[in-house]
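Trainee: I'm new to this one. Could you take me through a single part of it, slowly, and show me how that part sits in the whole?

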Amino acid sequence: MAQHEVHITAPEVFWSLMKPGRYKGAHGGRGSAKSHTFAEMLVANAYMAKGFRAVCVREVQKSLKESAKRLIEDKIESMGLSAYFNVQQDRIITPGNGVILFQGMQDHTADSIKSLEGMNVAWCEESQSLSSRSLELLRPTIRAPGSEIWFTWNPDNASDPVDQLLRGEDLPPGAIVVRANYSDNPFFPDELEQERLFDMRHKPERYAHIWLGEYAPSAVGAIWDRKTLHENRVTDAPELERIVVAVDPAISNEAHSDEHGIVVAGLCNNEAYIIEDGSMKGNPRQWAVRAVAMFDKHEADAIVIERNQGGDMCRHTLQSVRPGLPIIEVHATRGKHVRAEPISAEYAIGKVHHVGVFPELEQQMCMMTASGYDGEGSPDRVDALVWALTELFPQMVNKKRKRKRDHAAPTSWMG
Ligand SMILES: Nc1ncnc2c1ncn2[C@@H]1O[C@H](COP(=O)(O)OP(=O)(O)OP(=O)(O)O)[C@@H](O)[C@H]1O
Ligand SMILES: [Mg+2]
């Protein structure tokens, strides 16, 4: 079969990656063409080396929609190579009967990972989330002659495994690492440019992290750290014994006010699982509708609300959406960070797991210190998280809290 010419449109900053290398990495801020470039590299390799086998991995992949599959399909088309690839439901068959697979590292065990031994390339997308376990499984597994391991990521923390591997003093042999930013991307779309300018004005503290690929700001003395969050992360929650939706309503109703923290958590075998962060801006009716929707979606046992700010308002708002809802009112007698500390201790001993990634919540957590919150605005998501976990781990609360419990008969739910 006559070979087509393959064109890679990669920005110049990536050109050094176009030669063989055991480890290839590109890190940088949003919109720097990392994903597009690696997808093109993968398609070009697959086209040129018959029988090429690759796996695209992420730490957590709940569905193929989260994977690079769609992007790779688009690249096959835009590179004019559709005739040579066979796109299937969960994989792509490459010329010469090779394959591109899409997998989550957390779904692998020490045994199952052996299925990847024949791979020519493993591409880890969003590899700032890669755990040290995953990296340890992957590195010796990708062992075919000339095989390569690729990493693309938006850096979070210098202690993350991928940063330790590829941004340390002592790089592994055959490593090629580039840093890319939006300004290196000639295809940088106008939509993203508008987003960037908005963030520059409204999130000055986070701007360098989001757009320039700097490490995420963590407060000095923060009571949570990203490493712990990453290492405890899971893909799926087990069967949960008890589920609560915790709400920390923002005080004011104004359009640009703080968010209402809404966090869903559950308990299994004395370990807690954060299953959704549904925090939002909006009026009281809107947060109440959201909270009740989460209650239904997760078949929760109760809604936990802080009664400090609105007095009985919060209860009334919730009950106007769903009369007879089981509500647990909590009352803050201590400062936010004082309440948060025992919860962070549970994280430190591995008893709290995030089911998937919650970027905004986790950012707030890493700005929480023993003496207060160091981030922008107010840590509404952390507050809701802390209320949810305090309810689930009541033995940690050394002060008795006053609670009002409403357990309504099911009929009154109908309103
Ligand atoms: N080779 C290309 N051809 C056409 N458009 C491109 C190309 N590379 C990048 N782009 C454009 O630039 C945008 C950003 O690229 P890409 O998504 O690859 O960036 P990224 O570095 O992976 O960003 P993020 O950190 O947000 O994942 C794309 O949405 C696309 O519009
Ligand atoms: Mg990307």
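Mentor: Domain bounds here come from an automatic or database domain assignment. On that basis the chain splits into domain 1 (12–190) and domain 2 (226–414), and their centres, taken over C-alpha atoms, are 36 Å apart. A quick word on ground rules: this is a predicted model, where local features need pLDDT of at least 70, side-chain atom pairs count only at pLDDT 80 or more, and totals for chains, interfaces and linings use all residues. Residues are numbered from 1 along each chain as its sequence is written, while chains are lettered from A and ligands numbered from 1 in the order in which they are written.

Now let's zoom in on Tyr347. You'll find Tyr347 in helix α10, residues 336–348 (helices are DSSP runs of H or I with at least four residues, numbered from the N terminus). Tyr347 counts as buried because 21 other C-beta atoms lie within 10 Å; the cut-off for buried is 20 or more such atoms within 10 Å of the residue's own, with C-beta atoms placed from the backbone. Leaving out residues up to four places away in sequence, Tyr347 touches Trp224, Thr228, Asn232 and Val352. Touching, or being in contact, is when C-beta atoms, placed from the backbone, lie within 7 Å. Ala293, on the other hand, is 54 residues from Tyr347 in sequence and 27 Å from it in space, C-alpha to C-alpha.

Back to the whole: 11 residues of domain 1 are in contact with nine residues of domain 2.

Note on methods: Two residues are in contact if their C-beta atoms, placed from the backbone, lie within 7 Å. Helices (H or I, at least four residues) and strands (E, at least two) are DSSP runs, numbered from the N terminus. A residue is buried if 20 or more other C-beta atoms lie within 10 Å of its own, exposed if 12 or fewer, and partly exposed in between; C-beta atoms are placed from the backbone.
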